[in-house]
Amino acid sequence: MWIPKSHGGRRPLGIPTIRDRTVMMAVVLVIGPIFEADLLDNQYGFRPGLDAKMAVRRMFWHVRDRGHREVVDVDLRDYFTSIPHGPLMRCLIRRIADGRLLRLVKSWLTVTVVERVD
């Protein structure tokens, strides 16, 4: 099934199998802490124990109590459908030594969409 995008394009709806989701979660549990260590305290996106409300509270504190006058919000539109695989894999290779895990991640990046024709 194709999902319409806000700017007029479409993206495929991919629903992984239970086995795939289990493996994906295992990978997140293994590599998550490796990359979590590199993130700054003010990076809130997709992090365990942090959410959008916490980010807004922190921004409010900086404006109200610290006198800051500018707030920057960045959203990388459609980034997940256009991630440059080469630079991403080079980043992973610098931190992950297990070639099997790297091949698995690469296979997820290049997986084909299977459409059923009725």
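D98 is partly exposed in this predicted model. The side chain of D98 forms a salt bridge with R100. The closest N and O atoms of this pair are 3.4 Å apart. R100 is exposed, at 62% relative accessible area.

The whole structure contains four salt bridges. One of them joins R47 and E36, with an N to O distance of 2.5 Å. R47 lies in the loop between α1 (18-36) and α2, whereas E36 belongs to helix α1, so the contact ties together parts eleven residues apart in sequence. R47 is buried, with a relative accessible area of 10%. E36 is partly exposed, at 25%.

Another salt bridge links the side chains of R64 and D65. Here the N to O distance is 2.6 Å. R64 counts as exposed because its relative accessibility is 53%, and the cut-off is 50%. D65 is partly exposed, at 43%.

The surface also carries a nonpolar patch. Its members are F46, V72, V74, L76, Y79 and F80. Together these residues have about 790 Å² of accessible area. V74 sits in the loop between α2 (52-64) and α3 (85-95). With 62% relative accessibility, V74 counts as exposed.

How values were computed:
Residues are numbered from 1 along each chain as its sequence is written. This is a predicted model: local features need pLDDT of at least 70, side-chain atom pairs count only at pLDDT 80 or more; totals for chains, interfaces and linings use all residues. Side-chain values use heavy atoms; hydrogens and water are left out. Patches are made of residues with over 30% relative accessible area and no salt bridge: like charges are joined within 9 Å, nonpolar side chains (Val, Leu, Ile, Met, Phe, Trp, Tyr) within 5 Å. Accessible areas come from the Shrake-Rupley method with a 1.4 Å probe; for residues, only the protein chains shown count as cover. Helices (H or I, at least four residues) and strands (E, at least two) are DSSP runs, numbered from the N terminus. Buried means under 20% relative accessible area, exposed over 50%, partly exposed in between (1.4 Å probe, protein chains only).
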